[in-house]
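This report describes one protein chain from its overall architecture down to single residues. The sequence and the structure come first, and the description follows them.

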Amino acid sequence: MKKHVLIIASLAIFLLGVFGTVQAQSLTNIEIENAVKKDGKYAILAQSSRHLTGAVLAGAEIKEDFPDVQFVVGMAGPVVKELAEDESLKETVETAKKNGIKLIVCEFAMNRLNVKKTDYDAYIQTTPNVYRYMFGIQEIGFKILSL
């Protein structure tokens with residue numbers, strides 16, 4: 001009897017896996033991208049200037065289609081210093097401002113990299129620990145991607 005239950009349970013798990021995979025594969029890439037919620041909450045943790053720019057551009061595209069989406073880009077690592085020194089990132093900050101994308105920098109990283117809040121555009125916010133911040137916004141319903 002135990003053997004039959006184990007076989008039936010294994011078969012059920014296998015079938016669920018197969019049918020779940022089949023449904024996901026039947027969606028097109030556009031259908032998957034359009035699954036973004038119109039009032040969703042999304043955040044990306046960026047650690048380089050390339051990732052920051054990519055995150056802001058993705059957020060701007062989503063916000064263009066869905067203005068009610070909340071979009072946050074948290075920053076830690078080398079991008080903290082790059083954002084303070086690289087003039088070419090001013091356009092990225094302007095894009096974030098224009099689209100209502102929240103930019104937030106880790107104060108711990110700022111201290112380690114000798115960056116002051118005054119080195120940033122006034123639009124940029126800071127938090128003592130961006131990792132803890134990301135955990136916090138995840139707890140309040142944000143979907144988070146780390147680059």
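Helices (H or I, at least four residues) and strands (E, at least two) are taken as DSSP runs and numbered from the N terminus. Read along the sequence on that basis, the protein chain follows the pattern α-α-β-α-β-α-α-β-α-β-α-β, which comprises seven helices and five strands. The model is a predicted one, in which local features need pLDDT of at least 70 and side-chain atom pairs count only at pLDDT 80 or more, while totals for chains, interfaces and linings use all residues. Residues are numbered from 1 along each chain as its sequence is written, and side-chain values use heavy atoms, with hydrogens and water left out.

The accessible surface of the protein chain, computed by the Shrake-Rupley method with a 1.4 Å probe, comes to about 9900 Å², of which 59% belongs to carbon and sulfur atoms. Of the 147 residues, 32% count as buried, where buried means under 20% relative accessible area, exposed over 50%, and partly exposed in between (1.4 Å probe, protein chains only). If contact is taken as heavy atoms within 4.5 Å, then among contacts between residues at least 6 apart in sequence, 71% join residues at least 24 apart.

| Residue | Class | Relative accessible area |
|---|---|---|
| Thr92 | buried | 8% |
| Leu113 | partly exposed | 27% |
| Asp65 | exposed | 53% |

Thr92 has its place in helix H5 (residues 90–99) and, leaving aside its neighbours within four places in sequence, is in contact with Leu52, Thr53 and Val56. Leu113, by comparison, lies in the loop between helix H6 (107–112) and strand E4 (125–127). Not counting residues up to four places away in sequence, Leu113 touches Gly77, Val80 and Lys81; the C-alpha atoms of Leu113 and Lys81 are 6.4 Å apart, although 32 residues separate the two in sequence.

Asp65 lies in helix H3 and belongs to a negative surface patch formed together with Glu33, Glu61 and Glu64. Patches are made of residues with over 30% relative accessible area and no salt bridge, like charges being joined within 9 Å and nonpolar side chains (Val, Leu, Ile, Met, Phe, Trp, Tyr) within 5 Å; a salt bridge is a side-chain nitrogen of Lys or Arg within 4 Å of a carboxyl oxygen of Asp or Glu. Helix H3 (residues 49–65) contributes the largest share of this patch, three residues, whereas Glu33 lies in helix H2 (residues 29–33). The C-alpha atoms of Asp65 and Asn34, 31 residues apart along the chain, are separated by 9.8 Å.

Key: Lys, Arg positive; Asp, Glu negative; His and termini not counted. Charge placed at Lys NZ, Arg CZ, Asp CG, Glu CD.
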